[in-house]
Amino acid sequence: MNLELLKYLINKPNPYLEVWVFIYCNLDENKEFRIPVSFLLSRFKTSRTTMQRIIGCSSEWARSGQEVGVKWANNELTVNWLCEVGGQEGSYRDWE
């Protein structure tokens, strides 16, 4: 999760930030999150269309270097945190 993503989410209604923080905090070691859609809907007390809108906003993050793959299938949501691109690579010695 990067600063641009947080700035984007903080300007959205409450469920946006809450849902994406929940997803981010529950990623597995492969940076993947799977959950039944019904659990997610009841957890955040939103409708299916609102949840699709919240999850769909991930396509707007590509501008800030955050790539997220989303798949809705068989009443299950799968989110893949693909990569985070940005900044500059370097070593500690470059800062001296």
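## Core and salt bridges in a predicted model

The largest nonpolar core has 22 residues, and Trp20, Ile23 and Val79 touch the most other members. Helices H1 (3-10), H2 (14-25), H3 (37-44) and H4 (48-56) each supply at least two residues of this core, as do strands E1 (32-36) and E3 (76-84). H2 gives the most, with five residues. A nonpolar core is a set of buried Ala, Val, Leu, Ile, Met, Phe, Trp, Tyr and Cys residues joined through side-chain atoms within 4.5 Å. Buried means under 20% relative accessible area, exposed over 50%, and partly exposed in between (1.4 Å probe, protein chains only). Helices (H or I, at least four residues) and strands (E, at least two) are DSSP runs, numbered from the N terminus.

This is a predicted model, in which local features need pLDDT of at least 70 and side-chain atom pairs count only at pLDDT 80 or more, while totals for chains, interfaces and linings use all residues. Residues are numbered from 1 along each chain as its sequence is written, and side-chain values use heavy atoms, with hydrogens and water left out.

The structure holds two salt bridges (a side-chain nitrogen of Lys or Arg within 4 Å of a carboxyl oxygen of Asp or Glu).

| Salt bridge | Closest N and O atoms |
|---|---|
| Arginine 34 with glutamate 32 | 3.1 Å |
| Glutamate 76 with arginine 34 | 3.3 Å |

The second pair links distant parts of the chain, with glutamate 76 in strand E3 and arginine 34 in strand E1, 42 residues apart. Glu32, Arg34 and Glu76 are linked in a network of salt bridges. Arginine 34 counts as exposed at 52% relative accessibility, whereas glutamate 76 is partly exposed at 28%.
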